[in-house]
Amino acid sequence: MKFFVDTADLQEIQDLAATGLLDGVTTNPSLVAKTGRPFLDLVAEICEVVEGPVSAEVTATDFETMLAEGQKLAKISPKIAVKVPLTPAGLKVCKQLSADGTMVNVTLCFSAAQAILAAKAGAAFISPFVGRLDDVGTDGMGLIADICQIYSRYPSFTTEVLVASVRHPMHLIASAKLGAHVATMPPNVIRLLFGHPLTDKGLAQFMADWQKTGQTILS
Ligand code: G3P
């Protein structure tokens, strides 16, 4: 399972990349706006920090402008996955960019039917938003289960399920149980994955007992 971080904060990306466990980055216009940075420069810098795909979203809604924006974003680096909204025009852009060899991440997916359309349009990634579905009293993880099941029935669908709008570690664990290919998580959720009070307690005990031996491994 791949881990992406859902942020445009370069410092956070650098810190998490240093763990060696980060496979990519997703951004969106809201996350970019928070940084106050020029978008194209920021995306280029992110591409230098991580090995894997970096999602950069178009900001128009009509086909021609989205396509031109996507082509410009794709030129920044082969790591770019152009992010397009799940609309008829967005899917048309997806089909064209994918045919040209550009990775496309279709975002704002809230139904299995939309996910089928994205796969047919050749998307590299489909981004169902589990947290936002939960927020409106719908079963976000149920959607992930449906999409994983449907995609598994069609070997010609190569689209990866990228679980987005992840709010807590339970979303990640449930996604992994379902076999989702990728989860994109805010930095705080990734950090929560590492921790357990029994790990801290056990380590403190081991260190205290080791001190009593008076030994060192090195020297
Ligand atoms: O990047 C898309 C998605 O992960 C947004 O998450 O928390 O704004 O619903 P959230």
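How do the residues of the lining of the largest pocket divide into nonpolar, polar and charged? They divide into 6 nonpolar, 8 polar and 5 charged, where Ala, Val, Leu, Ile, Met, Phe, Trp, Tyr, Cys and Pro count as nonpolar, Asp, Glu, Lys and Arg as charged, and the others, Gly among them, as polar.

This is a predicted model, in which local features need pLDDT of at least 70 and side-chain atom pairs count only at pLDDT 80 or more, while totals for chains, interfaces and linings use all residues. Residues are numbered from 1 along each chain as its sequence is written, and side-chain values use heavy atoms, with hydrogens and water left out.

A pocket is, on a 1 Å grid over the protein atoms alone, an open set of points where a 1.4 Å probe fits, with protein on both sides within 12 Å along at least five of seven lines, and its lining residues have an atom within 4 Å of a point. Of the 19 residues that line the largest pocket, D6, N28, L31, R132 and S165 lie nearest its centre. Helix 2 gives the most to this lining, with 3 residues.

The ligand takes up the space of the largest pocket, with more than half of its atoms within 2 Å of the grid points. Around the ligand stand D6, N28, K83, F129, R132, A164, S165 and R167, each with a heavy atom within 4 Å of it. The table gives polar contacts, which are pairs of N or O atoms within 3.5 Å.

| Side chain | Distance to a ligand oxygen atom |
|---|---|
| D6 | 2.6 Å |
| N28 | 3.0 Å |
| R167 | 2.9 Å |

Conventions. Polar contact = N/O pair within 3.5 Å; in protein donor to acceptor, adjacent residues only side chain to side chain. Helix = DSSP H or I, 4+ residues; strand = E, 2+ residues; numbered from the N terminus.
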